[in-house]
Amino acid sequence: MSALASWRLALRLARRDAMRHRGRSVLVLVMIALPVLAVTAADVVIATQEVSGVESLDRRLGAADALVEVPAGGAPMLQAFDPYDGSTSADGVPADHEPPAAAEVSDVLGGVRLLERRQGDVYLRTDDGVAYVWATEVDLRDPLTRGLFDLGSGRWPADSSEVVVNREVRDQGYAVGDRLDLVGDDAPAPIVVGIAESTTSRTMPVVAGPIGSLGIEPSEWSGPAWLAAGGDVSWAEVEELNALGATALSRAVLADPPPDSEAPEEIRAWSSGTDDAMVAAIVLIVVMALLEVVLLAGPAFAVTARRQARTLALMASAGGTPAQSRRAIIGGGVVLGTVAALLGVALGIGAGRLLVPVVQHWSGEWFGPFDVPWLHLLGIALFGLVSAVLASVVPAWIASRQDVVAVLSGRRADTRPSLRSPILGVVLIGVGVAGSAYGATSGSSGEFAIAASAVVAVLGMILLVPVVVAGVARLAGRLPLSPRYAARDAARHRTRTVPAVAAVAATVAGVVALGIAVTSDEAENEGTYQAMLPMGDGAVTAYDLTPPQWRDLHGAVAAKVPDADVVLVDGLVESTSMAEPDARSYYLETRAPGVPRHQPLLSMMATTFGSSVLVDDDMPEIVRGVSDAGRRRGDAALAEGRVVVFTDRPVDADRVVLRPSWSTMDDSGNLPRATVPATYVPIDRSEASASLVIPPAVIDRLDLPHAPVALAVSGGRITPEQEEAVTEAVQAVTNDGGFYVERGYQADDETVIVQLVLAGLGGVLMLGGTLTATFLALSDARPDLATLSAVGASPRRRRWIAASYALVIGVVGAVLGAAVGFIPGIAVTYPLTRGWDPEVEAHYLDVPWLMILGVVVALPLVTAALVALFARSRLPLVARVD
Amino acid sequence: MSAVLRMAEVTRVHGEGATEVHALRSVSFAAHPGELVAVMGPSGSGKSTLLTLAGGLDGPTSGVVSVEGVDLAGVGAAGRARMRRTSIGYVFQDFNLIPALTAVENVALPLELDGVRSRTARAGARAALEEVGIADLADRFPDHMSGGQQQRVAIARAVVGDRRLILADEPTGALDSETGESILRLLRARCDAGAAGVLVTHEARHAAWADRVVFLRDGVVIDETGADHADALLDAGRIR
Ligand SMILES: Nc1ncnc2c1ncn2[C@@H]1O[C@H](COP(=O)(O)OP(=O)(O)O)[C@@H](O)[C@H]1O
Ligand SMILES: [Mg+2]
């Protein structure tokens, strides 16, 4: 018989067998189709949500052929085919280069018409304070803009005194006919004439009107931009524009991109930077998922193989070859895998279709049209097929080598386990431990080494499962009847039991490893947390307030927190508002005479009150980490007109060298240095919030500007309500400020959620593995159950046996998995919690015992209870068995 | 002496309509303490059905089955299960031992299922194994025993805990004749010790071990030989 014909026969037999044993077939279908379905649905949603280059053109270009922008003040540019995928200014910017004007751009493109577009953000006063709104200035009546916005009601703006807003802005209190109250001294006040939605953003507040309607000035970073109409813009033209200092998003280039080699090399190198790690991670995930699915589907094939054992033995005694025996089983994998893959993909597309609106609801961006990525889905379907075939391989192999005589004489057990595989298993676990240790101690790519060795360790563990299951059976002699029967029966039918136990173990290993990683990461966060202020104290900072505004704010804040001290903090102006590019900010470098320059006086400091240089006549209360004696010395020094310098190293000096410098957005300079009398006061660096205190007379003499920089709120535990009220008061006068309240370390909700999700996922997979094995075991155990009934077992006994079975599989799997999960779990905490400072030996390990206990003890018990609850309590009759 | 097993006008119909099969028709039958009754008949005559009804594994369509004076229909499924643990012992043609349990554990099953403490149950099981002559095999698994040894274990399981009714459905069917004889000798000895036995067989020479033979055909008792011959014939013939 040719191989092909033999395969055809095997497939036909498999199809018939699958039809005959519906229960088992459905089980395999579910095990494989479910993951295929889930991944397909996710893939469809992701593809739909992703607005790929061509799909996004209309919402970015409207009806234009290209969007030309000058992003870097006219410096020559390099760009990817889509400038949003990457663009950078080229080296060697000519100093006197002027940004290109509209006429030049139009010339390059052959004299096409250009429509100017400006974008930026504006601040809008609303009922609750001030809101940030994304603003676009462009003539919306121009047909070129069709597709940028959808007009819902009202009309398009006709001149620069009119705008449209989206629903989000309308919901903040503006209706058609209202005048927009924009923040800014000479901001325009346009009238809302329509409600229009951006075709890109769904939830962000958006406003749009003609040029001039919103007061957006082109700046160096967001220079002028034009929509161009008048025919395709070629890649050559784009490059020409790049040379001029502009980038271009061309419809024609994106729709039909030139070969990759045409893109500038710098940009190409950029976009492919992280691919390796990404691919490795994906390979790892796919391997683990494949393993899990194979293990979950494995038991069903094991049972199929054993049910066919007699047929295969007869075949063998009639001269059949082992290969033919194998094909008979693997044929089942092919048939069921194909059906499951097709079913999973089809249902997954449907599920994705249903999910899209749900996910859209949570997303701030509009999705593209419904998208089915067929190439991906082909891969996913193949994954399903391969996992089914793989799941049938081991049972097929065992079936092809079975002891013909034993089978024909009716013995039901599997053959003894070989010794070779557990030894290999131990070796693999050893390799996993070594790899994890290597990953823990090595530098950069440690996580990947650990993840890879985790897979190796799990594979090793799977090879150990048969020995462990046999050992448990040997120890079962003292157990009550039901667990004793379950443990022994599980060991007798290893091909069925081992994959189920391994599936549970692999799941638990993953859950435990990730759990340790997440919890340790959280422990690091908590351990390295540095309080900026005493508990419950707060600080208001802002960068653009005048002294009178600060005084007003002082009053307002004091009124909101009546039982706290509110102090206006004076300091060197170290930061200025981004809104005032010409305002100078100052920096003061300090050095003790005789202390080398590379040894800073203070190795660590956090600026809490807007400036690291405070100006005061005596030691400000808000400075922490100073002893009472130090505080007294500081007060005395300041009274004498000396500068107080905080330090965390021993300094023997009575003067300090001050080197002031200043800078604006685009200029900087040094000021004359000065050496002044100083007193060095020791400070605890972890609490340091300032580096020096200068008396007002001294800073005036140095001719350095000082001003209010912050409000310190202390002494009265700030409640969350007060925090909210103060924040609102701050936002009412500035949008460049904030209110920080020290609440200590705030445990991330996410950690708990991640733990719950992990435990939940573990629970589902464990339930899946346990239920499969239990269901199959019960159907296998029919003769035994019938016998039990005949010797007087009550019908309830079936439930006990089912629950015991689930318990054996769950506990053995969970214990093994937890043990193996500790290896990568502990290893990964080393690279994960190493910290940023290579000098500091940092490592945090926190094992989530409660979660592990839950997974190892509670979950198997719950699973067993569920099985006991839902198992049929009816014993089969002997008469019906044969 | 009162009968351990009494079946009165028992009918069992499988299926309905066109596929209706009368496995037993109005059969009356009794087995007394110390008595081994052989039931004979061709294949399909209803022998096994009679035993499943006697053991409470199946219920009659009409008629009454009582064991030690208890109407099996009146005690519910749990009650019947308890009867099988304490009063009725079963022996099957293909032994029906549980392969995951050792010989002594198989024998201890009825006791353990009845809530007897594990240690006590095993002691009782060992005694029963001793009685059937294979005490040395107590810790073997069935897969590692010969057919005759397995059937001895099955008999030990059927008698353990002093059960007074032993139902054996072709217990020698899967054994060679010599081994079969020894099994029947064990059954006979058990009945001589006071139990009532019902032995289904289709081999006439096995019937020689019995005190009395009941012949079935198409679900009807057609003849009866032995001690209470006349009575039994009268019983069987009184059709209402
Ligand atoms: N569960 C059942 N369903 C339908 N018919 C049955 C069932 N059990 C037995 N029978 C039928 O009842 C008759 C008696 O069967 P059985 O008691 O097994 O006979 P024996 O043991 O004497 O060979 C046969 O015709 C058989 O086909
Ligand atoms: Mg029969």
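Helices (H or I, at least four residues) and strands (E, at least two) are taken here as DSSP runs, numbered from the N terminus. By that convention, A:V469 is found in helix 15 (residues 446–475) of chain A. The model is a predicted one, in which local features need pLDDT of at least 70 and side-chain atom pairs count only at pLDDT 80 or more, while totals for chains, interfaces and linings use all residues. Residues are numbered from 1 along each chain as its sequence is written, chains are lettered from A and ligands numbered from 1 in the order in which they are written, and side-chain values use heavy atoms, with hydrogens and water left out.

A word on confidence comes first. The overall scores are ipTM 0.85 and pTM 0.74. In terms of pLDDT (the predictor's confidence in each residue, from 0 to 100), chain A averages 81, and 92% of its residues score at least 70. For chain B the mean is 87, with 93% of residues at 70 or more. Within chain A, confidence is lowest in helix 26 (residues 878–881), where the mean is 45, and highest in helix 16, at 92.

Chain A contains 26 helices and 22 strands. Taken along the principal axes, its C-alpha atoms fill a box of roughly 105 × 75 × 50 Å. Of its 882 residues, 48% count as buried, where buried means under 20% relative accessible area, exposed over 50%, and partly exposed in between (1.4 Å probe, protein chains only). Among contacts in chain A with a separation of 6 or more, 80% come from residues 24 or more positions apart.

In chain A, helix 1 (residues 3–20) packs against helix 11 (residues 322–362) at an angle of about 60°, with the axes 7 Å apart. Axes are lines fitted to C-alpha atoms, for helices over the stretch in contact, and angles run from 0 to 180 degrees between N-to-C directions. The angle therefore makes helix 1 of chain A oblique to helix 11 of chain A; angles under 35 degrees count as roughly parallel, over 145 as roughly antiparallel, 65 to 115 as roughly perpendicular and the rest as oblique. Residues of helix 1 that make the contact include A:W7, A:L11 and A:R15, and those of helix 11 include A:R327, A:I330 and A:V334. By class, the residues of this contact divide into eleven nonpolar, four polar and two charged, with Ala, Val, Leu, Ile, Met, Phe, Trp, Tyr, Cys and Pro counted as nonpolar, Asp, Glu, Lys and Arg as charged, and the others, Gly among them, as polar.

A second pair joins the two chains. Helix 16 (residues 481–492) of chain A and helix 3 (residues 103–113) of chain B pack at about 145°, their axes 11 Å apart. Here A:L481, A:R484 and A:R488 meet B:E105, B:L109, B:E112 and B:L113.

A:V469 is buried, with a relative accessible area of 6%. Not counting residues up to four places away in sequence, A:V469 touches A:A490, A:A491, A:T497 and A:V501. A:V469 and A:P395 are 74 residues apart in sequence and 17 Å apart in space, C-alpha to C-alpha. A:S453, also placed in helix 15 of chain A, is buried at 7% relative accessible area. Its contacts, leaving aside neighbours within four places in sequence, are A:V431, A:G432, A:G435 and A:S436.

A:S250 lies in strand 11 (residues 247–250) of chain A and is buried, with a relative accessible area of 1%. Beyond neighbours within four places in sequence, A:S250 is in contact with A:D65, A:A66, A:V233 and A:V238. A:V681, in strand 19 (residues 674–682) of chain A, counts as buried at 0% relative accessibility. The C-alpha atoms of A:V681 and A:G630 are separated by 5.7 Å, although the two are 51 residues apart along the chain. With neighbours within four places in sequence set aside, the contacts of A:V681 include A:G630, A:V626 and A:F646.

Finally, helix 23 (residues 782–790) of chain A is mostly covered, with seven of its nine residues buried. Among them are A:D784, A:L785 and A:L788. This helix is followed by A:G792, whose phi is positive, near 105°.

How values were computed:
Contact = heavy atoms within 4.5 Å.
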